[in-house]
Amino acid sequence: MIAIVQRLPIGNAVRVLLMPPFGAASWRVLRKGSDTIAGPDDPGALLVYEGDEKSFLDTTWLENDVPV
């Protein structure tokens with residue numbers, strides 16, 4: 001579903017391009033410091049986008065040189 005994550009030169013932000021499954025009406029993107037997302041309502045993950053756009057900017061609490 002995530003096609004590209006592009007680091008932006010403006011600082012603590014990334015552009016995310018999505019390829020949602022055919023027929024999907026809306027989607028949510030979660031971010032977590034590990035690869036252990038338990039599902040769409042994972043309480044330990046941060047909801048960074050919810051909607052129907054195929055690209056968005058993630059600027060929420062990102063830190064330089066910290067993988068997510």
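1. D41 is exposed, with a relative accessible area of 63%. Here exposed means over 50% relative accessible area, buried under 20% and partly exposed in between (1.4 Å probe, protein chains only). This is a predicted model, in which local features need pLDDT of at least 70, side-chain atom pairs count only at pLDDT 80 or more, and totals for chains, interfaces and linings use all residues. Residues are numbered from 1 along each chain as its sequence is written, and side-chain values use heavy atoms, leaving out hydrogens and water.

2. R28 lies in strand β3, residues 27-31. Strands (E, at least two residues) are DSSP runs, numbered from the N terminus. R28 has 31% relative accessibility, so it counts as partly exposed. R28 touches P40, D41, L47, Y49 and E50, not counting residues up to four places away in sequence; a contact means heavy atoms within 4.5 Å.

3. How many salt bridges does a search of the whole structure find? Four. A salt bridge is a side-chain nitrogen of Lys or Arg within 4 Å of a carboxyl oxygen of Asp or Glu. One of them joins R28 and D41, with the closest N and O atoms 2.9 Å apart. R28 is in strand β3 and D41 in the loop between β3 and β4 (46-51), so the pair ties together parts 13 residues apart in sequence.

4. R28 also meets E50 in a salt bridge (3.3 Å, N to O). E50 lies in strand β4 and R28 in strand β3, so this pair ties together parts that are 22 residues apart in sequence.

5. R31 forms a salt bridge with D58, the closest N and O atoms being 2.8 Å apart. R31 belongs to strand β3 and D58 to strand β5, so parts 27 residues apart in sequence are tied together. Both R31 and D58 are buried. Salt bridges that share partners join R28, D41 and E50 into one network.

6. Now the sheet. An open sheet of three strands has the order β1-β2-β5, with antiparallel pairing. Two strands pair if DSSP finds at least two bridges between them. The edge strands, each pairing on one side only, are β1 (2-7) and β5 (55-58). Five bridges join β1 to the antiparallel strand β2 (residues 14-18). I2 stands opposite L18 in β2.

7. The structure holds one aromatic pair. The ring centres of Y49 and F56 are 4.6 Å apart and the planes lie at 10°, so the pair is stacked. Rings of Phe, Tyr and Trp (its six-membered ring) pair if their centres lie within 6.5 Å; planes under 30 degrees apart count as stacked, over 60 as edge-to-face and the rest as tilted. Y49 and F56 are both buried.

Technical notes. Helices (H or I, at least four residues) and strands (E, at least two) are DSSP runs, numbered from the N terminus.
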